[in-house]
Amino acid sequence: VQLQASGGGLVQPGGPLRLSCAASGRPFSSYAMGWFRQAPGKEREFVASISWSGGSTYYADSVKGRFTISRDNAKNTVYLQTNSLKPEDTAVYYCAAGGTRTLVRGTADYWGQGTQVTVSS
């Protein structure tokens with residue numbers, strides 16, 4: 001599976017941003033999908049994941065209530081809607097494909113390249 005993330009950019013605190021990740025290769029609907037992020041000087045951390053059907057979602061405590069993960073299997077795309085962004089959300093965001101449980105633990109079968117999100121006034 002090849003993953004291509006997009007949608008990052010510079011946004012003011014409190015603003016929204018929608019990230020997208022387009023998949024190609026093996027059947028997209030076979031995989032759970034997730035988003036991770038890595039801030040400068042920090043380890044990569046889990047942000048959110050969604051089951052292959054979209055019926056189950058999981059979030060890191062730091063983003064619950066502000067971020068929403070969704071997927072469109074017909075378009076082979078997973079989304080991360082980010083709202084009420086904070087400066088501490090600044091990071092490179094990566095999408096990944098794998099198992100529902102392993103993604104939450106930080107392990108993925110496939111990784112995409114990152115997209116930079118910068119939250120600053």
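**Entry 1: the disulfide**

I started with the cysteines and found that C21 and C95 form a disulfide, with 2.1 Å between their sulfur atoms. This is a predicted model, so I read every value here as computed. I counted the disulfides and got one. C21 sits in strand 3 and C95 in strand 9, so the pair ties together parts that lie 74 residues apart in sequence.

**Entry 2: the nonpolar core**

Next I went to the largest nonpolar core, which has 35 residues. Among the residues with the most contacts inside this core I noted L3, M33, W35 and Y93. I also listed the elements that give two or more residues to the core; they include strand 1, strand 3 (17-24), strand 4 (32-38) and strand 9 (91-98). Which strand gives the largest share? That is strand 9, with five residues.

Leaving out residues up to four places away in sequence, M33 touches L3, F28, A48, S49, I50, I69, R71, V78, A96, A97 and L103.

I checked burial along strand 4 next. Six of its seven residues are buried, so strand 4 is largely enclosed by the rest of the structure.

Then I followed the pairing on each partner. Strand 4 and strand 9 run antiparallel and are joined by seven bridges. On that pairing I found G34 opposite A96 of strand 9. Strand 4 and strand 5 also run antiparallel, with five bridges between them. There, F36 has F46 in strand 5 as its bridge partner.

I looked at the hairpin of strand 4 and strand 5 too. Six residues lie between the strands, and G41 takes a positive phi near 80° in this hairpin.

**Entry 3: Q2**

Last, I turned to Q2, which is placed in strand 1 (residues 2-6). Why does Q2 count as partly exposed? Its relative accessibility is 48%, and the exposed class begins over 50%.

What does Q2 contact beyond its neighbours within four places in sequence? I found A22, A23, S24 and G25. I also took the distance from Q2 to A97: their C-alpha atoms are separated by 9.3 Å, although the two residues are 95 apart along the chain.

Notes: Residues numbered from 1 in each chain as written. Predicted model: local features only at pLDDT ≥ 70, side-chain atom pairs only at ≥ 80, totals over all residues. Heavy atoms only, no water. Helix = DSSP H or I, 4+ residues; strand = E, 2+ residues; numbered from the N terminus. Buried < 20%, exposed > 50% of the residue type's maximum accessible area, 1.4 Å probe, protein only. Contact = heavy atoms within 4.5 Å. Core = buried A, V, L, I, M, F, W, Y, C linked by side-chain atoms within 4.5 Å. Pairing = 2+ DSSP bridges. Disulfide = S-S within 2.5 Å.
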